[in-house]
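Work through these exercises with the sequence and the model side by side. Try each task before you read its solution.

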Amino acid sequence: MTERMSERMFPKIKDQVQFMAAVDKLKLEDSHDTEVRKETPVTPVSSDVILPPFLKSALSSQDPQLKSPGKNKLKNALIQALFDNLSQKTMYPSHNDYVLTLRSTLIRFPFLREKYGSGYDALLESLKNKFKKERKPLINLEEVSKMKEKYSVRHSGRKRGCEIEEVCLQKRSCEQISLDSAEDLRSILQHIEILQQEHHKARPNFDIIQQRLNRTKTYRQHYIQNHTTAEVLEEFPCLMRPNLLLGEMKRIHQIDIDKAILTKMGELAPKLIEKAPKGALKDICLQTLQLCEDEQEKKAQMVNAAIVLLPSVFKENASFLFVNDQEPISPTPTIVVTGSNPLSSTEVAVKMDGCNMILDDGSIDISLALAVFFCLFHVYDVQYPKPLRKTMAFLEAFVFEMKSAVPLTVQKLVSSLH
């Protein structure tokens with residue numbers, strides 16, 4: 001910008017002087033920033049990912065679990081190793097950071113390359129979801145708080161506090177306090193203390209836990225009715241273990257929920273998938289089934305596909321059964337999965353009343369999540385959500401064979417399946 005050019009833009013000499021002074025100031029700041037950038041070294045992301053011995057051995061032997069579309073411990077360990085490598089530099093990796101790390105991994109282990117797309121699309125999505133999950137509780141971290149302040153939109157997102165009406169779980173009944181036979185309040189508290197101690201051990205004794213649960217069942221039922229979900233989990237944290245929650249359901253209704261899902265849903269799965277209306281979710285499920293490498297894996301994924309498609313068969317809102325990459329829309333039990341494909345999701349959780357209801361050891365898939373989902377309604381004595389009335393009636397009557405009223409539309413659909 002020259003003085004001659006400024007004369008043409010600003011007829012008044014005063015304006016010309018002010019404009020040229022502003023231009024000189026900008027040039028000075030720009031040159032200073034350039035010098036700072038040159039002096040500040042950029043920390044590159046190391047492309048050599050450090051792998052734990054068991055994972056390195058599995059990669060060297062080309063373990064088929066690492067290529068499976070389902071969730072397993074080896075895939076979780078691989079994503080964790082990639083995350084540990086990238087997070088050493090930043091909690092907000094750029095696209096180039098992701099690509100560099102994944103490409104170097106594929107060069108070391110070519111068998112991981114996927115048959116479609118760039119060859120690492122699924123790994124990239126899983127890794128991005130891992131960073132999202134790990135950043136959520138780090139609001140006090142300076143880097144995370146700065147990025148939230150920079151990119152968040154004011155007055156957006158879920159309203160909290162007095163902005164919305166408080167939503168609470170609706171319990172089926174509420175009884176007067178009573179204690180188990182041959183127990184008093186002092187002995188009950190001793191049992192609870194032992195339950196909490198065993199739960200926090202690296203290798204808990206489940207025989208002891210089951211014995212103490214049996215001796216506190218009446219007190220526990222009353223406690224659940226009169227306390228929030230968070231308070232119940234604090235008092236009885238062992239209920240976050242899927243095997244113990246399934247045991248509670250078996251004690252209440254004499255039903256093996258997990259076994260019933262695998263057998264009954266396994267029989268009905270092909271017909272349910274066929275009955276489900278066309279849509280993006282059905283297309284994703286069918287594509288995942290085509291990628292299954294063996295018959296046993298395909299059967300398991302067919303059960304998972306039938307579960308996620310079940311609400312659509314009855315034209316009900318699937319968001320009351322499961323959600324992708326978001327918080328549940330209802331305080332009732334909800335399955336939460338990461339990624340757009342619930343069948344190949346690396347992280348599956350079940351939430352209720354804002355609480356995570358299960359301890360995930362890397363083995364939770366959609367079918368086990370459904371078992372936990374259904375058990376929570378009965379163990380915590382919660383009413384079914386109305387938008388899932390037909391879906392829950394179908395599960396009760398035709399999967400778990402519980403004696404309950406069945407809507408006519410559900411009866412007609414089941415008749416057509418046979």
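This is a predicted model: local features need pLDDT of at least 70, side-chain atom pairs count only at pLDDT 80 or more; totals for chains, interfaces and linings use all residues.

**Exercise 1. Another positive phi**

Find where Lys315 sits and say whether Lys315 is buried or exposed.

Solution. Lys315 is in the loop that runs between helix H15 (295–313) and strand S1 (322–324). The relative accessible area of Lys315 is 80%. The cut-off for exposed is over 50%. So Lys315 counts as exposed. Phi of Lys315 is near 60 degrees, a positive value, and Lys315 is not glycine.

**Exercise 2. The cysteines**

How many disulfides does the structure hold? Then sort Cys292, Cys355 and Cys375 by burial.

Solution. First, recall the term. A disulfide is a covalent bond between the sulfur atoms of two cysteines. The structure holds zero disulfides. Now use the cut-off: buried means under 20% relative accessible area.

- Cys292 has 13%, so Cys292 is buried.
- Cys355 has 14%, so Cys355 is buried.
- Cys375 has 0%, so Cys375 is buried.

Go further with two of them. Cys292 is in the loop between helix H14 (280–291) and H15. Beyond four places in sequence, Cys292 is in contact with Pro69, Glu297, Lys298 and Gln301. Lys67 is 225 residues away from Cys292 in sequence, yet their C-alpha atoms are 9.6 Å apart.

Cys375 belongs to helix H16. Its contacts, neighbours within four places left aside, are Leu245, Leu246, Met249 and Ile257. Between Cys375 and Glu248 there are 127 residues of sequence separation and 8.1 Å of space, C-alpha to C-alpha.

**Exercise 3. The nonpolar cores**

Solution. Begin with the core. The largest nonpolar core has 77 residues. Those with the most contacts inside this core are Ile257, Ile335, Tyr380, Phe394 and Phe400. Helix H16 (residues 366–379) gives the most, with 12 residues.

Now look around Ile335. Among the residues it touches, beyond four places in sequence, are Leu321, Phe322, Val323, Val348 and Phe373. A second, separate core has 27 residues, including Leu51, Val99, Leu112 and Leu123.

**Exercise 4. A helix and its partners**

Which residues of helix H10 (residues 217–226) are buried, and which helices do they pack against?

Solution. The buried residues are Tyr219, Arg220, His222, Tyr223, Ile224 and Gln225 of H10. They pack against helix H8 (185–199), helix H9 (206–215), helix H11 (229–235), helix H12 (242–253) and H16.

Now step to the loop between H8 and H9, where Asn205 lies. The relative accessibility of Asn205 is 33%, so Asn205 counts as partly exposed. Leu195 is 10 residues from Asn205 along the chain, and their C-alpha atoms are separated by 9.8 Å.

**Exercise 5. The whole chain**

How many helices and strands are in the protein chain?

Solution. Count the elements: there are 18 helices and four strands. Then take burial. Of the 418 residues, 44% count as buried. End with the contacts. Take those with a separation of 6 or more: residues 24 or more positions apart account for 62% of them.

Definitions and conventions:
Residues are numbered from 1 along each chain as its sequence is written. Side-chain values use heavy atoms; hydrogens and water are left out. A disulfide is a pair of cysteine sulfur atoms within 2.5 Å. Buried means under 20% relative accessible area, exposed over 50%, partly exposed in between (1.4 Å probe, protein chains only). A nonpolar core is a set of buried Ala, Val, Leu, Ile, Met, Phe, Trp, Tyr and Cys residues joined through side-chain atoms within 4.5 Å. Helices (H or I, at least four residues) and strands (E, at least two) are DSSP runs, numbered from the N terminus. Contact means heavy atoms within 4.5 Å.
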